[in-house]
Amino acid sequence: MSTANDKQRPPGGRWQDKLLPLLGITLVTGGFILLSWFAYLWLTPQTAPYHYQLIAEGEANQFPELELEAWPTLKVSKYEIHIAEKDQPIALAYFGQKEKEGPVLLNWENQTGEPLLALERKPSELSALASAIGKYVSPDALILAWWDTSRQIHLLSERNTLFNAHLNEPLIIPARWQQHADTIRTYESDLSHSVPTAQERDQFQRFTEALLQPPEAGAAKLRDLIGPNQEAYLVIHVSDLYKLGLLHPDKFGVAYKNFMLTGNIHGLINHMKVEMKEHDYNTYTLQSLSDRDIRAFFLADEPSTQTLMARLLPFTEKEPPLNLQAVQLVYQQGGYWVYKLP
């Protein structure tokens, strides 16, 4: 039987009736596959642009380069940090660990020419600092220091520190890795087996803000963090300058540059003067990295030099830390400066 519609359908209409539903099913299926792919990319965790590779572990006396003679049985793990595009490691990392505690970064050797995750320090200076604190600081005292220094002091000297978690502030990574910042934070936190509390993050924020204040006001804010009667010491390392600048670039202008030591001190000073003039820096201080290398930290402007942070360290043509009245200098070792809080 034929109907009026059948008679009006053009030749070939029946295969079109079959094709259109098929196209619809194909488009719907393709859309579902596409959405599933985006969902997979969204929900699947990204990987960090680098990875740690364990190459050695043992007691501290097996790693003489760390100069941890006072802690011969401390468990140490040595890692290489690798990226996919290079065969050689971009850094070396040494972690110390005690039973039932997470690993603590003790030494970092950057093999690249740009800031990467941590800043280098001399191992001998940390050993001397931790020994002095363990010997002269009361077990009831509290140590205030940048979170990474705090973890090292707590591990080696067994003294109380305000910050004990791996806070990852600031995250020191190249510009090309900024898109991976959250993934890197997670990776580093997982490696350290440490999750900071909201209270500790807030306290660390207040700590860094206190360092940006004029000396008297900054010391008062540090005292507010710990209460009026707590015996407390402030430990600053010269590399904290750069980290403070990364956290508060609008309030603290700082830059650094490495120089080779050639034995010509006058030539080195001339290099500093050229750098100061070229970038219109205000002042600088130095950090010894090794027998061959030195690092200069430059402050960009006068307001930065008037902060508690700057006054805690020796800068050219500025008042020395010994004259500081807001806190009392009690110890100095290499890049470390220790002050007693009033």
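Predicted model: local features only at pLDDT ≥ 70, side-chain atom pairs only at ≥ 80, totals over all residues.

Residues are numbered from 1 along each chain as its sequence is written, and side-chain values use heavy atoms, with hydrogens and water left out.

**The whole chain**

Colour the chain by secondary structure: the protein chain has 11 helices and 12 strands, where helices (H or I, at least four residues) and strands (E, at least two) are DSSP runs numbered from the N terminus. Of its 342 residues, 46% count as buried, a word that here means under 20% relative accessible area with a 1.4 Å probe, protein chains only. Among contacts (heavy atoms within 4.5 Å) between residues at least 6 apart in sequence, 59% join residues at least 24 apart.

**The nonpolar cores**

Next select Leu144, Phe207, Leu211, Leu222, Leu234, Leu241 and Leu312, which touch the most other members of the largest nonpolar core, a group of 41 residues. A nonpolar core is a set of buried Ala, Val, Leu, Ile, Met, Phe, Trp, Tyr and Cys residues joined through side-chain atoms within 4.5 Å. Among the elements that each supply at least two residues of this core are strand 5 (142-145), helix 6 (198-211) and strand 7 (232-237). Apart from it lies another core, of 25 residues, among them Phe63, Leu74, Ile153 and Leu155.

Centre the view on leucine 144, which lies in strand 5 and is buried, with a relative accessible area of 0%. Not counting residues up to four places away in sequence, leucine 144 touches residues including Leu162, Phe207, Leu222 and Leu341.

**The largest cavity**

Where is space enclosed within the protein? A search of the whole structure finds three cavities of 30 Å³ or more; on a 1 Å grid over the protein atoms alone, a cavity is a set of points where a 1.4 Å probe fits but cannot get out, and lining residues have an atom within 4 Å of a point. About 440 Å³ of space lies in the largest cavity, a volume being the space filled by probe spheres set on the points, which are joined across faces, edges and corners. Select Leu105, Leu117, Ala118, Trp147 and Asp148, the closest to its centre of the 30 residues that line the largest cavity. Strand 4 gives the most to this lining, with five residues.

**The largest pocket**

Now select Glu109, Glu120, Arg121, Leu289 and Ser290, which lie nearest the centre of the largest pocket among its 17 lining residues; a pocket is an open set of points with protein on both sides within 12 Å along at least five of seven lines. The largest pocket holds about 420 Å³ of space, and strand 4 gives the most to its lining, with four residues.

**Serine 304**

Finally, select serine 304 in helix 10 (residues 302-305), where serine 304 is buried with a relative accessible area of 1%. Its side chain makes a polar contact of 2.7 Å with the side chain of aspartate 301, such a contact being a pair of N or O atoms within 3.5 Å, of which, within protein, one must be able to donate a hydrogen and the other to accept it, and residues adjacent in sequence count only if both atoms are side-chain atoms. A polar atom of the serine 304 side chain also lies 3.0 Å from the backbone nitrogen of glycine 253.

Note on methods: Buried < 20%, exposed > 50% of the residue type's maximum accessible area, 1.4 Å probe, protein only.
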